[in-house]
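Me: I would like to learn how to read a residue's surroundings and then the pockets in a model. Please take one residue as the starting point.

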Amino acid sequence: MRKQAKSGDPALRREVEELERLLEHVEAGRSLDDWEGELPPELEPLTTKPLVALENGPRGTDLKLEAELAELPPDEAAAFREGLSALDEVVGRLFSALDLISFFTAAENETRAWTLRRGRTALEAAATIHSDIARGFIRCEVVRWDDLVEAGSKARPTRSRTATS
């Protein structure tokens, strides 16, 4: 980056200056969590990533039991579980730690689940599906899953909410 910045590109020079300050910060023994600037996305340091710890065994997730339950029909497996399956619980914790939500698209022959960061707009959700959809985006209809189930179909009136609820 230093060599590239010598070309005179002002944006590159600013980026190198910011990286130099970041390097000084880290070399001084300070955490990246204390960094007040914005971290370049290409760095993606692990120390700033959320941490989810899993424990296998009697106090944590019993993977042997989960493997045995996976071989049973879903209704029988549910009778042995107290709540969610280990996989569902882990995925839920990961989504929470990463601040993600799922949204669904449905057509006549296909329903798909998509992942999006909480708080993003409907336009950003459209871009997750395909950039062309975002370019031609006009509107979306948002229906909470439990409202849809309660109503029985989309044809009946439902309460709609924002894409981030």
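Me: In which helix is the place of Glu66?

Reply: Helices are DSSP runs of H or I with at least four residues, strands are E runs of at least two, and both are numbered from the N terminus. Glu66 lies in helix H3 (residues 63-70). This is a predicted model, where local features need pLDDT of at least 70, side-chain atom pairs count only at pLDDT 80 or more, and totals for chains, interfaces and linings use all residues. Residues are numbered from 1 along each chain as its sequence is written, and side-chain values use heavy atoms, with hydrogens and water left out.

Me: Does Glu66 count as buried or exposed?

Reply: Buried means under 20% relative accessible area, exposed over 50%, partly exposed in between (1.4 Å probe, protein chains only). Glu66 counts as buried because its relative accessibility is 17%.

Me: Which residues does Glu66 touch?

Reply: Contact means heavy atoms within 4.5 Å. Leaving aside residues up to four places away in sequence, Glu66 touches Arg81, Ser85 and Ala86.

Me: Which residues lie nearest the centre of the second largest pocket?

Reply: On a 1 Å grid over the protein atoms alone, a pocket is an open set of points where a 1.4 Å probe fits, with protein on both sides within 12 Å along at least five of seven lines; lining residues have an atom within 4 Å of a point. Here 21 residues line the second largest pocket, and Gly60, Thr61, Asp62, Glu66 and Glu89 lie nearest its centre. H3 and helix H5 (86-97) each supply at least two lining residues, with the largest share, four residues, coming from H5.
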